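Me: I'm new to this one and would like to be walked through it. Could we go over it together?

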Amino acid sequence: MASPPKPLLLFCCMVMARAAHFDRHEIRSLGREKIAGAVLDGRRLTTWGDRILTWDLPDGRTEPLRTRLPRTVGPGGALFEIAGEPGLVINEGPGRRALRWVSLRTGKSLEIDHGISANEILPVTIFGHRGLLLVQRRIQIRFYEAPAEASGAWTARDLYSFYSPSDQGGILLADVDRDGHPDILSGNYWIQSPEEFDLPWRLFAIRVWAEEKLSGMVKMAWHDLSGTGIPNLIVSQSEMEHARVAWFEKPADPKQLWIEHRLEGSLDLNQPASLEVADFDGDGRLDILVAERAGAGRVIVFHNEGAGRFTVSEAGRTSGVIDLHVMDWNGDGRPDLLVVERSSLSWWENR
C-alpha cells in the first residue's frame, strides 16, 4: 500500500493550489426548518426532517407534503416510484425505527420494515429485481425488493454481514471485476456479485481503515481520474474528525488490497460527508470536492493536475453541509453547486 504523502510536500501543494471560484447565492434561509436529508431529481429537490418539502428550482418555491412524520428522521432517504406513483423512502429515528415509503401525491405512509438504521438508501435493480439497498445498523448489507403495488409487502434479503472492529457505511454499485454484473462497494470492502440472484455474494477488502469505530463510515464515488479508461474509487471518511480523503487504484487482481493515495493533507477535515467529482476548473480533468458537515463547514476542491497529483483550494465556508449536489444551474456548461446547509439553501455559481 502506498505511503501517505509527507506533510512538507502537502503544504507546498496547498500554497501552489489554484483558487476555486464560486459565488454563493442564497435561495432561501431555513430559519427554524430542520432538514435531515435531501435528494435532487432534475430541477426538483426533495427534503425531509421536520416535514417533507419539494423545492422547485431555481426560484426556491416550496410545497409541503401533508403527512405526519415522527419527531426524528434519519439522513437516509431515496425517491422510489411504485406502480407509477412517486414516493420517498425515509428512516425513522429512535423508537420503532421504521423504514417507510411515503406517497409524494397523497402523503400516505406505508411501513416497509422496522428496527432499521440506515445512513444511506440506494434504489437499485439487481438481476431484474427492483428495490432498495442499504447498510442495516452499519453491519449488514440488505436488499428490499419492492412490491408491484404500494400496499404490498416488501421482501428483505441479507446479502452480506460485516465482521469488523469498525462500523461500515456508504454504499455504491460498480462493476469492479468487469464481468457485466454490478458489484457492491460499502465501507472498507467490495462485495462480488454472483452469476445469479439467488447465489451467495463474496466479500473482499479494499483497505484496512479500522483504527476507530467510525473509520469505515465513508462516502464514495467511482470515476476515471486519470483518463486511462479504468475507474478509480474516491473515498471520504464521512463521520470522523481528522478524516481521510483518498483515491484508490484498483490492482490487477481486485481481490488484493487496493493502492491508496491520500489527499486531505494538513487540512484536518471534520466529517466530510459530501463528496462529488466533476471538472470544476475546465481543464478536462476530473476534480474532487468535499464539504464538511462539522467544524468550519469548509467546501474543499482537490484540483486534478494529472499524473496522480492534486492541489487544494478552499471554495468557501458554510454552517455545516447537510447535502450537496453538482448541477449546471445557469446552463453555462460549468458545474455549479446546490448546497443544503443547516441555515440555508444556496446556489454556488462556478465562475
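This is a predicted model: local features need pLDDT of at least 70, side-chain atom pairs count only at pLDDT 80 or more; totals for chains, interfaces and linings use all residues.

Residues are numbered from 1 along each chain as its sequence is written, and side-chain values use heavy atoms, leaving out hydrogens and water.

Me: How much space lies in the largest pocket?
Reply: A pocket here is an open set of points on a 1 Å grid over the protein atoms alone, where a 1.4 Å probe fits and protein lies on both sides within 12 Å along at least five of seven lines. Points are joined across faces, edges and corners, and the volume is the space filled by probe spheres set on them. For the largest pocket that comes to about 1200 Å³.

Me: Which residues lining the largest pocket are the closest to its centre?
Reply: Lining residues have an atom within 4 Å of a point. There are 43 of them in the largest pocket. The closest to the centre are A38, E120, K219, A273 and D323.

Me: Which strand gives the largest share of the lining of the largest pocket?
Reply: Strands are DSSP runs (E, at least two residues), numbered from the N terminus. Several supply at least two lining residues each, among them β2 (35–41), β6 (73–79) and β29 (321–327). The largest share, six residues, comes from β19.

Me: Which strands stand at the edges of the open sheet of four strands?
Reply: Two strands pair if DSSP finds at least two bridges between them. The order is β25-β26-β27-β28, with antiparallel pairing. Two of these strands have a single partner each, so one side of each is left without a neighbour in the sheet: they are β25 and β28.

Me: In β27, what is the bridge partner of L289?
Reply: Strand β26 (residues 287–291) and strand β27 (residues 298–306) run antiparallel and are joined by four bridges. Within β27, L289 has as its bridge partner V301.

Me: Why is the pair of W222 and W258 called tilted?
Reply: Rings of Phe, Tyr and Trp (its six-membered ring) pair if their centres lie within 6.5 Å; planes under 30 degrees apart are stacked, over 60 edge-to-face and the rest tilted. A search of the whole structure finds nine aromatic pairs. In this one the centres are 6.2 Å apart. The pair is tilted because its planes stand at 50 degrees.

Me: Is W258 buried or exposed?
Reply: Buried means under 20% relative accessible area, exposed over 50% and partly exposed in between (1.4 Å probe, protein chains only). W258 sits in the loop between β22 (245–249) and β23 (259–262). Its relative accessible area is 1%, so W258 is buried.

Me: How many residues apart are W247 and F310?
Reply: Their rings have centres 6.5 Å apart and planes at 50 degrees, another tilted pair. W247 is buried at 8%, and F310 is buried at 9%. W247 is in strand β22 and F310 in strand β28, which puts them apart by 63 residues.

Me: Where is P58 found?
Reply: The peptide bond from L57 to P58 is cis, with omega near 15 degrees. P58 is found in the loop between β4 (53–56) and β5 (61–64).

Me: Is H242 buried or exposed?
Reply: H242 lies in strand β21 (residues 241–243). Its phi is positive, about 55 degrees, although H242 is not a glycine. With a relative accessible area of 54%, H242 is exposed.
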